[in-house]
Amino acid sequence: MFKILKYSFFDLVRSSWSYVYFFFYLLLGTTLLFLNNNLSTAVITLMNVIIMLVPLIGTIFGVMYYYNSREFTELLLAQPVKRSSIFLGQYLGVAISLSLSLVIGLGLPFVAYGLFKSPAIWDFVMLLITGLFLTLIFSALAFNIALSNENKIKGFGFAILMWLFLAVIYDGLFLLSLVYFQEYPLDKFSLVATMFNPIDLSRILILLKLDISALLSYTGAVFKEFFGTPVGAFASLGMLVVWVILPLFRISRVVRRKDF
Amino acid sequence: MKKILLFFSLFFFVSTIAAKEIVVCHECDVSSIKRAVELAKSGDTIRIKKGLYKEYEIEIIGKSLTIIGEDYPVIDAEMKGTAFKIKADDFSIEGLHIKNIGTSHTSDNASILVSRSKNFSIKNNRLSNIFFGILLERSENGIIEGNIIRSKARSQANSGNGIHVWHSKELIIEDNDVQGVRDGIYLEFANNCDIINNVCKENLRYGLHFMFSDHNRYLENLFENNGAGVAVMYSKFIEMERNLFRKNWGSASYGLLLKEINDATLKHNIFEDNTIAISADNTNRIDYLENDFISNGYAIRIRGACYKNVFRRNNFLANSFDVAYTGNINENEFSRNYWSDYTGYDLNKDGIGDVPFRPVKLFSYLVNTTPEAIILLRSMFIGLLDFSEKVSPVFTPAELVDPQPQMKKIKW
């Protein structure tokens, strides 16, 4: 598996796409800091970006890589290598190279700006951790979709739809149900509903670091009591880990039986 | 006639220099404060040397005394009652350390209780582990300055206030530091008082609390991490300037709570990191000029029945919600503020944005009706909703706009 990981990783690192993402994040971080002149507000703007773009990039890149490396995969399948390690190796190669461009691209301008001397460092670390998780989750989901669809166009379509659903539509349905059932106690429901969407979950984790005073307002206390405690923090991080593991588990199960 | 006048003036002269000083210490002739007060006449000075005095219910009635503590002598009331009870004019108390005032549900035990007195000063005392700190009733013309008050209030029912003023007027409360009581400074039926440069931190309920108190000013105070910073209720003509309200966090926490207030001005205050910076309920004719609202949950929450409030030249920086609004526009006015959320442009470069700013977001309206929706804060769907509402307002009051939003942060 590690050999395949190594091959896919170096293949990707040499490809221009990784550089495009790296320079995109680098540019983004630099302009944000340059425009805002303030670390904490830059972190807020960055949160919006991370929550939207990181899943999108992870999804598209995952699907693209799977379809592009199809011939290489077929070649590997002819060799005496375990199937799950072929695909997991490829997945890890994609995820790690994406994560690297994210961390270095965003990290460089912030470090240059004087991050280590600023109290915003923990907000930023939280931002990177959730960014990493979102990369891992969404490239895994993308691999799943690509595996189940031989048709490239269909695969891309589903992948984009999945991103749109989790990033936007889910919240719309969530809000609708909150408004519709507003006579009932909803705090437990909304806690559970956030747990089921990795984007929402990451957003709340970052928000707790930033907009804590708003979340602390009258009903927000419930959320604060859950997410603010070590139990809540572990539960939400654990949930993110589950979100990574479940799609990977499905990948290894599907490829074992799939007829290529 | 002249001789008689001379005699009287001479008599008066002699009687004033006859004012004597009584020294209290453990080895002195007078070893208790109570005894010293009994011996003293009007105009005398009682000088208390360093030491521990286990005394309470020290009553000073009708005597104008100057009580001075040297090196903070400790007066320990042993949780038994009020330490000093004073009903006199022209007295002063300085440099004492009063501690252990017991909680009571039937009497208001205080470190220093002043009633029906005039022209007094209470300066530089330290009060610790107290129920009520300095309690004034029906008094006027006093100075309360430089006192440090510390206690460990746990529940509202079992704790008292740091400086409690009832039915008094013309007081100056300056440079005090009150921590860990129920209300830091409490005024009820107190008029024409100046509250300047005090620090109220970590109090259970309010840092400063007004009830039915008119024509007061509070300037340059710091209110941090209280249940609510300042509560101003049922009062008129209050001036609030240059105060700092910080980190008043909690499920029912405010920087400043205004209820039934008329004709007040707020100028040059800074509100930072509060759950709700200002909550206004039933307030009329209030001018909010040149205040800074930084990183609050809500900067301003206006509940019903507010008329003719003016918000001018304030800075709203990085608040989760700038304004939450219930009810009609009611001649309330927002103009020439700086909003960090403003996305408009300024083509003629006059420093005023060409597109009016709508400070009320649809999301704040939604959170008002379904509070749990706060969990969707800053999600993309909410961003889309807010954007479409901004383009064509349906739910938020259409007239509620700042027609002249500033392009740059206002310097004051």
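Reader: Two residues are in contact if their C-beta atoms, placed from the backbone, lie within 7 Å. On that basis, which residues is Ala277(B) in contact with, leaving aside its neighbours within four places in sequence?

Author: Phe245(B), Gly255(B), Leu256(B), Phe271(B), Phe293(B), Asn296(B), Tyr298(B), Ala299(B) and Ile300(B). Bear in mind that this is a predicted model, where local features need pLDDT of at least 70, side-chain atom pairs count only at pLDDT 80 or more, and totals for chains, interfaces and linings use all residues. Residues are numbered from 1 along each chain as its sequence is written, while chains are lettered from A and ligands numbered from 1 in the order in which they are written.

Reader: What are the scores of the model, and what is the mean pLDDT of chain B?

Author: The ipTM is 0.84 and the pTM 0.82. The pLDDT is the predictor's confidence in each residue, from 0 to 100. Chain B has a mean of 89, with 96% of its residues at 70 or more.

Reader: Which element of chain B has the lowest mean pLDDT?

Author: Helix α1 (residues 2–17) of chain B, at 54. The highest among the elements of chain B is strand β20 (residues 194–196), at 95. Helices (H or I, at least four residues) and strands (E, at least two) are DSSP runs, numbered from the N terminus.

Reader: How many helices and strands in chain B?

Author: Four helices and 39 strands. The C-alpha trace of chain B spans about 85 × 55 × 30 Å along its principal axes. Of the contacts in chain B between residues at least 6 apart in sequence, 46% join residues at least 24 apart.

Reader: What order do the strands of the open sheet have?

Author: β4-β7-β10-β13-β16-β19-β22-β25-β28-β31-β34-β37 of chain B, twelve strands with parallel pairing. Strands pair if DSSP finds at least two bridges between them. At the edges are β4 (58–61) and β37 (321–325) of chain B, each pairing on one side only.

Reader: Ok, pairing in detail. Over how many bridges do β10 and β13 of chain B pair?

Author: Five, in the parallel sense, between β10 (residues 110–115) and β13 (residues 132–137) of chain B. Val114(B) has Leu136(B) as its bridge partner in β13(B).

Reader: And which strand does β14 of chain B pair with?

Author: β14 (residues 140–145) of chain B pairs with β17 (residues 169–174) of chain B, parallel, over five bridges. There, Glu140(B) is bridged to Lys169(B) in β17(B). β17(B) also pairs in the parallel sense with β20(B), over three bridges, where Ile196(B) is the bridge partner of Glu174(B).

Reader: Back to Ala277(B). Which residues have the most contacts inside the largest nonpolar core?

Author: Ala277(B) is one of them, along with Ile46(B), Ala83(B), Ile112(B) and Ile185(B), in a core of 100 residues. Strand β28 (residues 254–262) of chain B gives the most to this core, five residues. Apart from it lies another core, of 78 residues, including Leu102(A), Phe174(A), Leu178(A) and Leu205(A). A nonpolar core is a set of buried Ala, Val, Leu, Ile, Met, Phe, Trp, Tyr and Cys residues joined through C-beta atoms within 7 Å.

Reader: What makes a residue buried?

Author: It is buried if 20 or more other C-beta atoms lie within 10 Å of its own, exposed if 12 or fewer, and partly exposed in between, with C-beta atoms placed from the backbone. In chain B, 44% of the 412 residues count as buried.

Reader: What about the phi of Glu202(B)?

Author: Positive too, about 45°. Glu202(B) lies in the loop between β21 (199–201) and β22 (206–211) of chain B. Glu202(B) counts as partly exposed because it has 18 C-beta neighbours inside 10 Å.
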